[in-house]
Amino acid sequence: MEDGQSLVSRIREGDCAVLKRDDVFKAVPVLRRRKIIFEKQWFYLDNAIGHVYGTTFEVTSGGSLQPKQEAEETNKETKEAGTDNRNIVDDGKSQKLTHDDIKALKDKGIKGQEIVQQLIENSTTFRDKTEFAQDKYIKKKKKKYEALITIVKPSTRILSTMYYAREPGKINHLRYDTLAQMLTLGNIRAGNKMIVMETCAGLVLGAVMERMGGYGSIIQMYPGGGPVRAATSCFGFPKVFFDNLHEFPLSKVDSLLSGTFSTETLPSEPEDNALAEEESNGLTDEKQTSLQKTEGESTTEAAMEINQTEEQETMDINAEDVEHRENKEKENKENVQEKQRRQWERRKKLLETAALLREKNADGLIVASKFHPTPLLLALLEFVAPSRPFVVYCQYKEPLLECYTKLRERGGVINLKLSETWLRNYQVLPDRSHPKLTMSGGGGYLLSGITVVLDKGKSDSSNLEALKMEEPSSKRCRVQDLHG
Amino acid sequence: MSFVEYGDMIKDGDTAIVFLGHESMFPVKVQHGTVTQTKYGVIRHSTDLIGKKYGSKVTCSKGGWVFILHPTPELWTMNLPHRTQILYSTDISIITMMLELKPGSIVCESGTGSGSLSHAVIRTVAPMGHLYTVEFHQQRAEKAREEFREHGVEHLVTVTNQDVCKNGFGVSNIADAVFLDIPSPWEAIGHAKSALKAEGGRICSFSPCIEQVQRTCLAMEEYGFTEINTLEILLRVYNVRTISLQIPDLGKAAEDNSSTGFDSSNPSNQATTTVSRSIWLCLAFGTSVY
């Protein structure tokens with residue numbers, strides 16, 4: 001396996017990179033002469049190519065990036081400061097520079113640091129502020145005028161944070177700490193044979209792939225025509241990671257379980273789905289690759305069209321036209337053959353994946369989708385070996401309650417746990433430490449458990465659990481009595 | 001079996017987890033000829049365990065049964081013998097993600113403690129990564145080495161017995177990530193930096209007290225670390241039970257027979273008709289895991 005850890009990671013053209021400014025992230029393709037808009041700034045990434053990931057850049061006039069020099073912190077000579085704000089009146093007149101003055105400075109090309117310095121000098125109330133307030137003021141102005149952008153390498157941490165902040169709807173509001181729990185509870189690691197069912201734009205799949213490092217195998221179950229892997233491509237995995245990534249349509253699961261599986265009716269072309277679910281966070285490159293994929297399709301269609309028009313023009317035949325037509329027909333044949341060949345490939349892959357599932361020895365199951373979890377779990381657990389963990393994510397608690405109960409009835413699962421995590425971040429500064437934001441409830445819920453050998457008759461363990469579920473006031477039978 | 005690879009059958013020498021029921025389980029070292037006592041009776045390793053499939057139900061001598069589970073770092077965390085306060089899976093999960101650990105990562109850790117996080121890290125970085133873990137307590141260091149050996153992961157971890165604040169991790173410029181869970185982490189930040197790769201890496205320090213966090217953040221800043229973030233994660237587990245609530249008797253409107261449809265003259269009937277309506281009640285136990 002490629003051990004990218006030992007080599008310094010540099011920004012390369014074609015990469016998917018993540019732009020970062022303070023706590024705002026955006027994923028973009030690294031392409032030359034491509035204008036990027038991020039946090040009210042316009043620039044080109046050309047100058048960034050070749051630099052190490054993690055480098056911070058300044059946006060200079062003209063939209064080019066320059067690596068930020070290690071600026072020595074302006075030695076604040078004995079800062080004059082006040083003790084509190086009892087005499088500071090907020091009349092909006094403390095800043096002597098006007099909006100136009102500042103604009104003029106910006107147009108002159110003055111660096112952000114200079115502008116901040118100017119603002120401080122022209123503020124009548126600055127020296128009356130407390131040291132802390134001055135600090136806060138400087139930080140705020142720096143944030144506005146010093147346009148510093150860091151280019152970071154995508155990872156689960158970065159992408160899950162980005163998606164939750166920018167497009168939570170695309171990932172069913174799966175917060176990154178919840179995702180972190182899933183990866184650990186599911187014992188995701190190199191060598192596993194995982195079943196993943198997600199409708200989170202491929203983010204969960206990518207996270208699982210990252211933790212598997214290219215080892216083992218993944219079978220992704222998908223609804224409709226094909227899996228959406230928009231986020232997965234952001235991770236920048238080496239091609240070899242995809243060798244053991246399989247997919248299987250949900251629409252065939254029932255037939256597979258009942259033994260009536262066949263490849264007669266294939267789901268519609270996945271390429272259509274890829275176009276429909278395009279990322280809106282700046283991955284226009286996505287379109288290019290999808291278009292390339294459907295090239296085969298559209299040439300076939302175009303060929304069909306040409307066929308029709310030629311039939312209309314049967315009147316105007318001359319030698320040239322005949323030769324032209326013959327060439328076109330040859331092209332049509334080739335395209336049709338190509339399409340058939342690809343269909344045959346897909347059928348073959350589908351059969352292979354079905355065989356993998358039929359082994360019923362998967363090492364784990366991860367579900368994170370917009371669908372009701374119960375039918376998914378009841379079906380997909382059949383493919384998992386005993387003594388293996390499974391984790392189901394749901395944006396809402398109630399469907400998991402039903403799932404929990406249905407699983408108890410089914411049996412073959414133990415250690416069921418319904419949980420939620422709360423996240424709190426802190427500002428930690430000398431004498432100024434306090435919590436910032438508490439995130440609760442909005443990150444989704446997890447139902448996890450471990451499979452065990454399923455008793456074909458009504459599982460005894462469910463009997464046991466049913467007893468435990470009785471009203472607290474009623475007496476519980478002693479276990480000994482049950483088995484006596 | 002190993003902590004970094006699944007096996008199907010229980011073998012002599014394995015560490016297996018005996019599951020007795022809700023939240024009740026313990027680890028067991030599978031050995032020919034040994035017996036294990038449980039509240040449901042005796043388990044004879046030679047006949048009941050060895051050669052059986054993981055996930056099987058095993059009936060004990062008194063008639064009760066248990067399940068035998070394949071070990072995972074998460075199950076180990078819940079069942080390992082505590083030599084120190086440990087980290088639980090909730091914190092371990094977010095640490096793993098924030099440090100960007102994955103197969104191949106090189107990680108430095110101190111203190112090893114009871115090995116809870118260590119097992120989780122080893123699982124994540126296998127098969128090409130490595131964990132360098134430092135423990136200043138001699139017996140704990142030795143016990144950790146022993147456990148890693150028993151669990152088949154000794155090739156993925158190096159335990160060093162020294163004080164990380166004085167002597168560092170014993171390696172330099174190779175780590176992708178450093179983790180600290182010690183009383184005075186600010187004293188180890190410098191050593192952490194030299195253990196990390198020259199091009200940089202991630203660091204995480206775990207402290208129960210905010211004062212420690214403050215000092216550590218300051219030290220991190222002094223040593224040139226950026227993007228310093230402080231997080232707290234809390235786990236809330238929900239207890240799911242099915243109960244039914246009785247519908248109250250609101251009486252019947254006079255003369256009108258068709259009003260509520262309940263036979264108010266017979267209160268027990270009311271109870272019977274409503275028993276079939278189950279209402280899901282979810283009881284929440286907030287469990288903060290440190």
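Q: In which hand does α5(A) pass α6(A) in this predicted model?
A: In this predicted model, helix α5 (residues 176–185) and helix α6 (residues 203–212) of chain A have axes that come within 11 Å and cross at roughly 45°. The two helices, α5(A) and α6(A), are therefore oblique to each other. The crossing of α5(A) over α6(A) is right-handed.

Q: Which residues of α6(A) make the contact with α5(A)?
A: By class, the contact of α5(A) with α6(A) has six nonpolar, one polar and one charged residues. From α5(A) come A:L179, A:L183 and A:T184. From α6(A) come A:L203, A:V204, A:A207, A:V208 and A:R211.

Q: How many of the 10 residues of α5(A) are buried?
A: The buried residues of α5(A) include A:L179, A:L183 and A:T184, which also take part in the contact with α6(A). Also buried are A:Y176, A:D177, A:T178, A:A180, A:Q181 and A:M182. Helix α5(A) is thus mostly covered, and the number of buried residues is nine.

Q: Which residue just after α5(A) takes a positive phi?
A: Helix α5 of chain A spans residues 176–185. Just after α5(A), a positive phi of about 50° is taken by A:N187.

Q: Why are α2(A) and α3(A) described as oblique?
A: Two packed helices are described by the angle between their axes and the distance between the axes. For helix α2 (residues 112–121) and helix α3 (residues 131–145) of chain A, the axes lie 9 Å apart and the angle is about 140°. Angles over 145 degrees would count as roughly antiparallel, and 65 to 115 as roughly perpendicular. The angle of α2(A) to α3(A) therefore makes the pair oblique.

Q: What classes of residue make up the contact of α2(A) with α3(A)?
A: Helix α2(A) contributes A:G112, A:I115, A:V116, A:L119 and A:I120. These meet A:Y137, A:I138, A:K141, A:K142 and A:Y145 in α3(A), and α2(A) passes α3(A) in a right-handed crossing. By class, the contact of α2(A) with α3(A) has seven nonpolar, one polar and two charged residues.

Q: What is the strand order of the open sheet of five strands in chain A?
A: The pairing in this sheet is antiparallel. Its edge strands are β2 (24–29) and β6 (64–67) of chain A, each of which pairs on one side only. The twist averages 35° from one strand to the next. The order is β2-β1-β7-β5-β6.

Q: Over how many bridges do β1(A) and β2(A) pair?
A: One bridge joins A:V18 to its partner A:A27 in β2(A). The hairpin of β1(A) and β2(A) has two residues between the strands, and A:D22 takes a positive phi near 55° there. The pairing of β1(A) with β2(A) is antiparallel, over six bridges.

Q: Which residue of β7(A) is the bridge partner of A:K20?
A: Strand β1 (residues 16–21) and strand β7 (residues 148–152) of chain A pair in the antiparallel sense over three bridges. In β7(A), the bridge partner of A:K20 is A:T150.

Q: Which strands does helix α4 of chain A touch where it packs on the sheet?
A: Helix α4 (residues 156–166) of chain A has a direction that makes about 110° with that of β2(A). The strands touched by α4(A) are β1, β2 and β7 of chain A.

Q: Which residues of β1(A) point the opposite way from A:C16, A:V18 and A:K20?
A: In a regular strand the side chains alternate between the two faces of the sheet. Six of the six residues of β1(A) are buried, so this strand is largely enclosed by the rest of the structure. Pointing the other way from A:C16, A:V18 and A:K20 are A:A17, A:L19 and A:R21.

Q: Is A:L429 buried, partly exposed or exposed?
A: Residue A:L429 is found in the loop between β13 (413–427) and β14 (434–439) of chain A. Leaving aside neighbours within four places in sequence, A:L429 is in contact with A:K139 and B:Q214. The buried class requires under 20% relative accessible area. At 21% relative accessibility, A:L429 therefore counts as partly exposed.

Q: What percentage of the 290 residues in chain B is buried?
A: Chain B has nine helices and 13 strands. In helix α4 (residues 116–125) of chain B, 10 of the 10 residues are buried, so this helix is largely enclosed by the rest of the structure. For chain B, the buried share is 49%.

Terms used
Residues are numbered from 1 along each chain as its sequence is written. Chains are lettered from A and ligands numbered from 1 in the order in which they are written. This is a predicted model: local features need pLDDT of at least 70, side-chain atom pairs count only at pLDDT 80 or more; totals for chains, interfaces and linings use all residues. Side-chain values use heavy atoms; hydrogens and water are left out. Two strands pair if DSSP finds at least two bridges between them. Helices (H or I, at least four residues) and strands (E, at least two) are DSSP runs, numbered from the N terminus. Axes are lines fitted to C-alpha atoms, for helices over the stretch in contact, and angles run from 0 to 180 degrees between N-to-C directions. Contact means heavy atoms within 4.5 Å. Angles under 35 degrees count as roughly parallel, over 145 as roughly antiparallel, 65 to 115 as roughly perpendicular and the rest as oblique. A crossing is left-handed if the near helix is turned anticlockwise from the far one by less than a right angle, and right-handed if clockwise. Ala, Val, Leu, Ile, Met, Phe, Trp, Tyr, Cys and Pro count as nonpolar, Asp, Glu, Lys and Arg as charged, and the others, Gly among them, as polar. Buried means under 20% relative accessible area, exposed over 50%, partly exposed in between (1.4 Å probe, protein chains only).
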